[in-house]
Every structure is written in C-alpha cells, then in structure tokens.
Amino acid sequence: MDNCRFFLFAMACFLVLTACAMPQPPVALDRDGQPLPVLFRIDPATLPMIKARVLDRVNDERRAIGAAALRLDAALNAAALVQSRDMGQRGQAVHIGQDGSSPADRARATGYRGAVLGEILAETYAPDLATLAAWMQQPDTRAVILDDQGRDLGLAYVQDETGKIWWTLLVGSQDASFARPG
C-alpha cells in the first residue's frame, strides 16, 4: 500500500513539474510592441442578455444615487444600432452620422418621442460590462448614464471582422421638454 501511495505521489509531482516546464505560447504584439487585445466575440443571440445585464448594472448605479431606474426602449435601441453600424462602416467613433444626423435625429427617425439626453460611444475590443465600467470612470459619460432626467436606455453594438466592437448607448427622457442640443 505504501508503494502505491509513493507511486501516486511521484506521478503527481512529475505531472506538476511537467506542466510548469511547458513553454507558453508567445504573446502576439502590435507594431508598438504592446500585447494585442484578447479577441472577444459576441454571439448575436446573446444581445437580449447583454442589454439586460447592462441595464441592471446601470440601474444599480442609478439606485445608489437615488435616480429613477431606466427601462430599455425599442426605438432608442434601433437608433443606437444605426449609429453603431455607421461607426463600424466608417471605422470612426463620432456622434454625427455619415448622413449628418445627430443622436436626436436618429432617435426621431426610429420613432422615439422623447428627448435624447446623451449618446455614449465606444470603439473597443472589450465586452459589455468592461465597456460600461470604462464609461462609469469618465465624468462626462458617467453624467449621461446617471442623468436624473433619464427614463429610457438604448444599447447596441456592431462587431467588425477584426473583432472591434462599436458600442452605442443612448439615454432619453419621455418628456421632450428636457431636449438638449444635438
């Protein structure tokens, strides 16, 4: 019995040492010598889950400051998708569409009846919650997400062939008197 235990112990040690000695694959670097981002592919079938997860996290943040919860709005989701597609086609994250449209123009075109309080964009390889966390670290984008006049949220993304994700988040208010320029 002791020989069996010794053999099992020796095999376990051998396997541990072998695993430690295995060469690690080289890290791919960009032309500046920085590691390339880990490619995160979004399965389009998970979009409802992504929207719900982001909405939950946004509402947690809003609840912490006493702001009303946001709800997903189909028209704002559609406007966000228009902008994400536009950015992906252009390869540039900008608020003005190729057709000259503003966030408010796109929201109206998709049937949104309220005011757009803000549009947040990201050009990244990061998944949804990492992107949201980055937005929450920036005072200007955090202010849009936590705007106490906000009642509606729109979220969309487009992932291009390189894996880059073009995120758009819109916050709106059903009360058009809160309209802001843009």
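Reply: Happy to. Two strands count as paired if DSSP finds at least two bridges between them; strands (E, at least two residues) and helices (H or I, at least four) are DSSP runs, numbered from the N terminus. The model is predicted, so local features need pLDDT of at least 70 and side-chain atom pairs count only at pLDDT 80 or more, while totals for chains, interfaces and linings use all residues. Residues are numbered from 1 along each chain as its sequence is written, and side-chain values use heavy atoms, leaving out hydrogens and water.

Let's start with the strand order. Four strands form an open sheet in the order S1-S3-S4-S2, with mixed pairing. S1 and S2 are the edge strands, each pairing on one side only. S1 and S3 run parallel and are joined by two bridges; Leu-72 has Leu-153 of S3 as its bridge partner. S3 and S4 pair in the antiparallel sense over eight bridges, and Tyr-157 stands opposite Trp-167 in S4. Their hairpin has five residues between the strands, and Gly-163 there takes a positive phi near 100°. S2 and S4 are also antiparallel, with nine bridges, one of which pairs Glu-119 with Leu-170 in S4.

Nine of its nine residues are buried, where buried means under 20% relative accessible area, exposed over 50%, and partly exposed in between (1.4 Å probe, protein chains only). Ile-165, Trp-167, Leu-169, Val-171 and Ser-173 point one way, while Trp-166, Thr-168, Leu-170 and Gly-172 point the other way. In a regular strand, side chains alternate between the two faces of the sheet.

H3 lies across S1, S2, S3 and S4 at about 30° to S3. Contact here means heavy atoms within 4.5 Å; axes are lines fitted to C-alpha atoms, for helices over the stretch in contact, and angles run from 0 to 180 degrees between N-to-C directions. Among the buried residues of H3 are Ala-75, Ala-80 and Met-87, and the buried residues of this helix pack against H2, S1, H4, S2, S3 and S4.

Both cores draw on S4. A nonpolar core is a set of buried Ala, Val, Leu, Ile, Met, Phe, Trp, Tyr and Cys residues joined through side-chain atoms within 4.5 Å. The largest has 22 residues, and Trp-135, Ile-145, Trp-167 and Leu-169 have the most contacts inside it. H2, S2, H5, H6, S3 and S4 each supply at least two residues of this core. A second, separate core of nine residues includes Ala-75, Ala-80, Ala-156 and Leu-170.

Trp-135 touches Trp-167 and Leu-169, among others. Thr-131, also in helix H5, counts as buried because its relative accessibility is 4%. Its side chain makes a polar contact of 3.3 Å with that of Trp-167. A polar contact is a pair of N or O atoms within 3.5 Å; within protein, one must be able to donate a hydrogen and the other to accept it, and residues adjacent in sequence count only if both atoms are side-chain atoms.

Terms used:
Lists of a residue's contacts leave out its neighbours within four places in sequence.
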